[in-house]
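Me: I have a model open and want to go through some of its local details. Can you take my questions as they come?

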Amino acid sequence: MDRRFLFVLGSSRRDGNTETLARAAADQLPAGVGQQWIDLAAHPLPDFEDLRHDSDHVRPTEGDVALLLDATLAATDIVIVSPLYWYSVSAHVKRYLDYWSGWLRTPGLDFKATLADRTLWGVTALAHEESEVADPLIGTLRNSAAYMGMRFGGVLLGNGSKPGDVLKDTDALARAKSFFAQEAPLARFPYEAAQPPRPTATR
C-alpha cells in the first residue's frame, strides 16, 4: 500500500504555529507520498453521540463525518496537528477521536483492523519552554495508538504563541526535516513498557 498522509488540523485559527510546523515537516516527504489536509474548523463535526449500549452506528455517506471517516480509512499515516490547549489536544481533535469510538462499532468498517499497524503522529506548538507540559497530549495520542494496535511516531514539538513564532524555533525546524523519516515503533501503553520481558525457556 502506497503511503498516504492525512493531516488533521485541530487549531481554532488558520495558519497558526502548529500548522506552520506541520507543513515544514510535510515539505520533507518524498514527492510520491500522498497528502490530504483537513481543517476541522472548516469541517466541524457535530457532538459525538455514544450509542454503544443502545444500537449500532450507521456508516455516514455524506457530510463532514463521511469525509473524515473515508480519509482516515484511506491513510497509512495520520498526523494530529493540534496546538497545546490546556495541556492536551484541542476540542476539535478530541471530538474527532471520539468519533473513532463510533467507527469501532460501525458494522462493516473493521475500523480497528484497518488502522492496525498504520502510524499515528502528532505535531504541536506550545508557549512553555518546558516540553514536559505537553506530556498529557503525547499520552493521549500514544495511548490511542496503542489501543488501536497502531504504530506511534511521536510528537514534533515547537515553541510559539503569536503566529509565526515557531519560525524562530530553529531546533524544532531542524527536527521537522527528519521527523517523518524516523522509524515508528508499535505503540505501547506505559504499563506495558514497564513490564519486564518474559523469561525464555532454557534447555
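Me: How many salt bridges does the count come to?
Reply: The count comes to eight salt bridges, where a salt bridge is a side-chain nitrogen of Lys or Arg within 4 Å of a carboxyl oxygen of Asp or Glu. This is a predicted model, in which local features need pLDDT of at least 70 and side-chain atom pairs count only at pLDDT 80 or more, while totals for chains, interfaces and linings use all residues. Residues are numbered from 1 along each chain as its sequence is written, and side-chain values use heavy atoms, with hydrogens and water left out.

Me: Which residue forms a salt bridge with Arg-3?
Reply: Asp-77 does, and the closest N and O atoms are 2.8 Å apart. That pair links distant parts of the chain, 74 residues apart: Arg-3 is in the segment before strand 1 (4-9) and Asp-77 is in strand 3 (residues 77-81). Helices (H or I, at least four residues) and strands (E, at least two) are DSSP runs, numbered from the N terminus.

Me: And Asp-77, buried or exposed?
Reply: Asp-77 counts as buried, at 2% relative accessibility. Arg-3 is partly exposed, with a relative accessible area of 38%. Buried means under 20% relative accessible area, exposed means over 50%, and partly exposed is in between (1.4 Å probe, protein chains only). The areas come from the Shrake-Rupley method with that 1.4 Å probe, and for residues only the protein chains shown count as cover.

Me: What about Arg-23, which side chain does it meet in a salt bridge?
Reply: The side chain of Glu-19, at 2.9 Å from N to O. Both residues lie in helix 1 (residues 17-26), four residues apart, which is about one turn of the helix. Arg-23 is partly exposed at 36% relative accessibility, and Glu-19 is buried at 13%.

Me: Which side chain meets Lys-168 in a salt bridge?
Reply: Asp-165, with an N to O distance of 3.7 Å. Lys-168 is exposed, with a relative accessible area of 65%, whereas Asp-165 is buried at 17%.

Me: Switching to strands. Which way do strand 4 and strand 5 run, parallel or antiparallel?
Reply: Strand 4 and strand 5 run parallel, joined by seven bridges. Two strands pair if DSSP finds at least two bridges between them. Thr-119 stands opposite Arg-151 in strand 5.

Me: Why is strand 5 largely enclosed?
Reply: Seven of the nine residues of strand 5 (residues 151-159) are buried, so the rest of the structure largely encloses that strand.

Me: And strand 1, how many of its residues are buried?
Reply: Five of the six residues of strand 1 are buried, so to speak mostly covered. Strand 1 pairs with strand 2 (residues 34-39) in the parallel sense over six bridges. In that pairing, Phe-7 stands opposite Trp-37 in strand 2.

Me: Now the surface. Which residues gather in a patch of negative charge?
Reply: Glu-129, Glu-130, Glu-132 and Asp-135. Patches are made of residues with over 30% relative accessible area and no salt bridge, with like charges joined within 9 Å and nonpolar side chains (Val, Leu, Ile, Met, Phe, Trp, Tyr) within 5 Å. Lys and Arg count as positive and Asp and Glu as negative, with His and the chain ends not counted. The place of a charge is taken as NZ of Lys, CZ of Arg, CG of Asp or CD of Glu.

Me: Where is Glu-132?
Reply: Glu-132 is in the loop between strand 4 (119-126) and helix 5 (135-148), and counts as exposed at 53% relative accessibility. Glu-129 is found in that loop between strand 4 and helix 5 too, exposed at 67%.

Me: Backbone next. What is phi of Trp-86 near?
Reply: Phi of Trp-86 is near 50 degrees, a positive value in a residue other than glycine. Trp-86 sits in the loop between strand 3 and helix 3 (91-104) and is exposed at 81% relative accessibility. Asp-15 has a positive phi as well, near 55 degrees, and lies in the loop between strand 1 and helix 1.
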